[in-house]
Amino acid sequence: MSQYQAPLNDINFNLFDVWQLDQYWQQQSELQDVIEADTAKAILDEAAKICEQQLAPFSHIADAVGAQLKDGKVTLPEHYYTAYASLSEGGWTGLSGDPEYGGMGMPKTLSMMVDEMLCSADIAFSLYPGLTAGACVALLQHADEITKNQYLPKLYSGEWSGTMCLTEAHAGSDLGIMRTSARPATDDSYQISGSKIFITAGEHDLTSNIVHLVLAKLPDAPAGSKGISLFLVPKFLLNEQGEPVTRNGVTVGSIEHKMGINGSATCVLNFDNATGYLIGEPHRGLACMFTMMNYERLSMGSQGLGAAERAYQNALSYAKDRLQGRTTTKDPNKADAIIGHADVRRMLLNIKALNEAGRTFATWVASLLDKAKYDNCQLSAQRANLLTPITKAFMTDRGLEACVAAQQVFGGHGYIKEWGMEQLVRDVRIAQIYEGTNGIQAADFMLRKVAVDHGAVLKALLSDISIEITSAPNNTSVALQRAISGLIQHTDIVLQTDLKVMSQNACDYLDAVAYVLYGYMWYRNVKALDSNKHSADFINAKQQCAHWYCHKVLPRVEGLLATIAGDGAALFALEDVQF
């Protein structure tokens, strides 16, 4: 059975040393009276206890038991109920929620750290509060005041939960061909009919009501994605006092049989003249839903990092305990711990270097969102928008790779269920697929984020980084500056190609940018080290890890750029039948 201990030291290092966010919080009128370093640490400590004590030790049970459907009702693993109650009572379900509607009003940077811990403890469980938080973001930005007052307080408190209903069996990411319909009723409501698949947390008894955000088409809808509207469809309709009383026309058809995240009730939902309420303007629902989807894409990054962190902790522990082979001993009857083997150390250090850079990156992106919100900073908003597909795609790709590498450290035992490593591999795999596959994220990054403005936002960011590392160099600067120069040069080249060439290079290009930005994360880590605050072991570990990243991981950028520059004409020269 795998174990987990929240990496609070590194979380606090990122929040308060690397990015010095406690200083930023005290400069904001909306934050200075509600959050400072000690409060943040206390919140993180309590969240860590729930993750370490109520979730992580039982994640293998959740995997084995799963969500169960019987007589139209879905039940969850028993410990989920007490853990969710603890989460709700502590306010974590509304951690970043608007205080006007009962949320705690904490910055995104803090909730991002809690998200990581929840994902390390149990990805499947994390989806219940995670989807609710995303639904709250969409409602806060697009619902009218009556709707916000009715629903947000209950969602923030954890009494109710939320879902996102997009996908249909015939229409995956191509939402424009969806068939779910919405007919105006005699009052201000609509009758929603259709079927949705892959609905995370679609049906369960964890909360007293479930608020479904459903994409559907009105009778006068124009063709394609421009004809989609967004509707709020509660599991139970509310009475005049705002209490859920009457069952709506939403039923669960089945629970998907999945590779992993078995504790998550991934449902087929049927809407049979279900009562729904329009959110936002007619035919503008996709834009409203993307508010939620972008939030969830950041959460996917937390899933990749969370699983990778737990995998690393267990692989490291195993490598220190497992005696096999001889690296130092000369006695043929004795063996050394496998952490002495170069290949095992290589796998562990690769995971560590990417995990710690990933945590710094996640904190950075969250801080940009906070600055966009509290400072109304357009530059921060632009950069957060640029980095969102990287957060989703790169962090989940590296998350799976880390879990597989950690499993490899265990050798044959990694393939056995009792060690928990194969569950991490199965659970994290979905993060590369849902909320827009990573191929879609790469296309979005290449075409909609970089090509659309001829690389202006990205180049400005890289220029600022280059100026920073030149003005205050450390032992990462030379390798990082070289990687930035190569990336800018190839960006200019790829932007001169046509749509097909840019599309085929999108995944490699996203990875190249991400590896460079992770190099910047290591620059910031080394820059923040202070012998008056940090132990000699902590400093040396960070410095050696940064050295490894710059000399053994960052060079991957050169290979990716060479691939991007390579002749890819065969991709479309090959006929379909020749594949």
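The legends below describe several close-up views of a predicted model. Residues are numbered from 1 along each chain as its sequence is written, and side-chain values use heavy atoms, with hydrogens and water left out. Because the model is predicted, local features need pLDDT of at least 70 and side-chain atom pairs count only at pLDDT 80 or more, while totals for chains, interfaces and linings use all residues.

View 1. Ser 195 lies in strand β5, which covers residues 190-200; helices (H or I, at least four residues) and strands (E, at least two) are DSSP runs, numbered from the N terminus. With a relative accessible area of 31%, Ser 195 is partly exposed, because buried means under 20% relative accessible area, exposed over 50%, and partly exposed in between (1.4 Å probe, protein chains only). Leaving aside residues up to four places away in sequence, Ser 195 touches Thr 167, Glu 168, Thr 180, Val 268, Leu 269 and Asn 270, where contact means heavy atoms within 4.5 Å. The side chains of Ser 195 and Asn 270 also make a polar contact at 3.0 Å; such a contact is a pair of N or O atoms within 3.5 Å, and within protein one must be able to donate a hydrogen and the other to accept it, while residues adjacent in sequence count only if both atoms are side-chain atoms.

**View 2. An aromatic pair between Phe 13 and Phe 538.** Rings of Phe, Tyr and Trp (its six-membered ring) pair if their centres lie within 6.5 Å, and planes under 30 degrees apart count as stacked, over 60 as edge-to-face and the rest as tilted. By this rule the count comes to 18 aromatic pairs. Phe 13 and Phe 538 form an edge-to-face pair, with 5.1 Å centre to centre and 75° between the planes. This pair links distant parts of the chain, since Phe 13 is in helix α1 (residues 8-18) and Phe 538 is in helix α18 (residues 536-553), 525 residues apart. Phe 13 counts as buried at 2% relative accessibility, whereas Phe 538, at 22%, counts as partly exposed.

**View 3. The tilted pair of Phe 361 and Tyr 518.** Phe 361 and Tyr 518 form a tilted aromatic pair, 5.6 Å centre to centre and with 45° between the planes. Here too the pair links distant parts of the chain, with Phe 361 in helix α10 (residues 342-374) and Tyr 518 in helix α17 (residues 506-528), 157 residues apart. Both Phe 361 and Tyr 518 are buried. Ring pairs link these two residues into a cluster that also includes Trp 19, Trp 364, Phe 394, Tyr 515, Tyr 520 and Tyr 523.

**View 4. The packing of helices α10 and α18.** The two helices α10 and α18 pack at an angle of about 100°, with their axes 9 Å apart; axes are lines fitted to C-alpha atoms, for helices over the stretch in contact, and angles run from 0 to 180 degrees between N-to-C directions. Helices α10 and α18 are therefore roughly perpendicular to each other, a term for angles of 65 to 115 degrees. Among the residues that make the contact are Arg 346 and Leu 349 of α10, and Trp 548 and Tyr 549 of α18.

**View 5. Leu 510 in helix α17.** Leu 510 has its place in helix α17, and at 2% relative accessibility Leu 510 counts as buried. Its contacts, not counting residues up to four places away in sequence, are Pro 389, Ile 390, Ala 393, Phe 394, Gln 441, Ala 442 and Phe 445.

Note on methods: Angles under 35 degrees count as roughly parallel, over 145 as roughly antiparallel, 65 to 115 as roughly perpendicular and the rest as oblique.
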